[in-house]
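Please brief me on this model, topic by topic.

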Amino acid sequence: MIGHECGHHAFSDYQLVNDVIGFILHSVLLTPYFSWKYSHRRHHSNTSSIEHDEVYVPRLKSELRWFSNYLSNPLGRVLALSCTLTLGWPLYLVFNASGRSYGRYASHYDPHGPIFNDHERLQIYISDVGVIASGYVLYRIVLAQGLAWLVCIYGVPLQIMSGFIVLITFLHHTHSSLPHYDSFEWDWLRRALATVDRDFGILNKVFHNITDTHVLHHLFSTIPHYHAMEATKAIKPLLGEYYQFDGTPIYKAIWRDSKKCIYVEKDEGSKGKGIFW
Ligand SMILES: [Zn+2]
């Protein structure tokens with residue numbers, strides 16, 4: 001969370017402090033800091049754009065893969081959800097899985113990949129150096145303490161964190177009441193409002209309320225987590241019906257939304273313009 005806020009320059013008023021702390025925290029978690037900072041910012045500035053969003057970009061019905069039919073049953077969904085929650089985060093970082101289509105291989109670890117522009121490439125190299133340095137430290141720990149020790153102390157918590165990153169962000173951006181837009185209809189305010197706050201019950205507190213303040217985060221991404229509830233309470237009456245919240249228990253919500261949200265189609269009522277549901 002702190003690392004995420006560093007990427008938004010929400011942790012400190014000083015960019016250097018944000019970048020140093022963010023770089024250390026991300027590298028320790030084997031996530032390339034600057035790579036993610038840039039792609040995440042582009043996600044924020046293009047949320048719900050069917051053409052330019054960076055992550056959770058839904059497919060059109062015509063673009064569904066051949067195996068989609070085999071997964072649209074309870075067993076297939078359990079399988080797909082298990083893979084998404086265990087491997088989704090590393091697959092996104094390494095292969096841009098569920099990310100924007102660049103028409104070629106795109107990876108957060110590739111400084112020359114299509115996700116980044118020429119001004120950013122040097123910092124992508126620096127991000128990779130951070131990850132490699134962390135990998136080396138982990139290797140030394142294995143030599144000193146053994147692999148089983150590292151898996152228990154580091155691997156399992158890292159896996160739990162990855163699973164929750166995917167679960168939380170998937171539910172923020174995937175809901176049958178959230179539209180996607182193409183460039184005819186997309187604008188800054190619409191994109192910010194096309195996210196939904198969720199209720200993780202007791203885990204809301206554990207996650208410092210990032211779960212139920214995501215609409216706010218997309219409107220004002222420099223507000224840190226410890227002010228997010230207060231600010232959400234302030235914007236709710238202003239947004240009125242435009243504020244999206246779904247209080248369905250999470251285990252029900254993940255099952256329902258992974259079942260219902262398979263692809264999007266153009267809204268017939270929008271007369272050929274670009275709103276997708
Ligand atoms: Zn963010």
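**Briefing**

Histidine 9 sits in the loop between H1 and H2. Its phi is near 55°, a positive value in a residue other than glycine. Helices (H or I, at least four residues) and strands (E, at least two) are DSSP runs, numbered from the N terminus. The model is predicted: local features need pLDDT of at least 70, side-chain atom pairs count only at pLDDT 80 or more, and totals for chains, interfaces and linings use all residues. Residues are numbered from 1 along each chain as its sequence is written, and side-chain values use heavy atoms, with hydrogens and water left out.

**Annotated regions**

- An unreviewed UniProt entry carries the annotation "domain: Fatty acid desaturase" over residues 2–244.
- UniProt positions are given in the numbering used here, feature names are shortened, and annotations may be inferred rather than shown by experiment.
- Residues 2–244 are 58% helix and 2% strand, with end C-alpha atoms 25 Å apart.
- The unreviewed UniProt entry also annotates "transmembrane region" at residues 20–36, 75–95, 122–139 and 146–171.
- Residues 20–36 are 76% helix and 0% strand, and their end C-alpha atoms lie 14 Å apart.
- Residues 146–171 are 96% helix and 0% strand, and their end C-alpha atoms lie 37 Å apart.

**Zinc site**

- Five histidines coordinate the zinc ion through NE2: His4, His8, His40, His44 and His217, at 2.0 to 2.3 Å.
- The donor spacing in sequence is H-x3-H-x31-H-x3-H-x172-H.
- Histidine 4 belongs to helix H1 (residues 2–7) and histidine 44 to helix H3 (residues 33–45), so the pair ties together parts that are 40 residues apart in sequence.
- Donors are N, O and S atoms within 2.8 Å of the metal (3.2 Å for Na, K and Ca); water is not among the atoms, so sites may look incomplete.
- Histidine 4 is partly exposed, at 21% relative accessible area.
- Histidine 44 is buried, at 7%.
- Buried means under 20% relative accessible area, exposed over 50%, and partly exposed in between (1.4 Å probe, protein chains only).

- At 1.5 Å a residue, the 14 residues of H2 should span 20 Å, and the end C-alpha atoms are 20 Å apart, which agrees.
- The expected span of a helix is 1.5 Å times one less than its number of residues.
- The buried residues of H2 are Asn18, Asp19, Gly22, His26 and Ser27.
- Seen down the axis of H2, these buried residues fall within an arc of 135°, so they line one face of the helix.
- The arc is that of the directions from the helix axis to the C-beta atoms.
- Cover for the buried residues of H2 includes H1, H3 and helix H6 (121–145).
- Phenylalanine 23 is in helix H2 (residues 15–28) and is partly exposed, at 23% relative accessibility.
- Leaving out residues up to four places away in sequence, phenylalanine 23 touches Tyr33, Phe34, Ile126, Ser127 and Gly130.
- Contact means heavy atoms within 4.5 Å.
- Leucine 30 is in the loop between H2 and H3.
- Phi of leucine 30 is near 60°, a positive value in a residue other than glycine.
- Leucine 30 is partly exposed, at 25% relative accessibility.

**Nonpolar cores**

- The largest nonpolar core has 17 residues, and those with the most contacts inside it are Trp89, Leu167, Leu171, Phe200 and Ile254.
- Helix H5 (74–95), helix H7 (147–173) and helix H12 (250–260) each supply at least two residues of this core.
- H7 gives the most to this core, with five residues.
- A second, separate core of ten residues includes Ala192, Ala228, Ile235 and Leu239.
- A nonpolar core is a set of buried Ala, Val, Leu, Ile, Met, Phe, Trp, Tyr and Cys residues joined through side-chain atoms within 4.5 Å.
- Leucine 171 touches Val196, Arg198, Phe200, Ile250, Ala253, Ile254 and Asp257, not counting residues up to four places away in sequence.

- Proline 249 lies in the loop between strand S3 (245–246) and H12.
- Proline 249 is partly exposed, at 35% relative accessibility.
- From C-alpha to C-alpha, proline 249 and arginine 198 are 8.6 Å apart in space and 51 residues apart in sequence.
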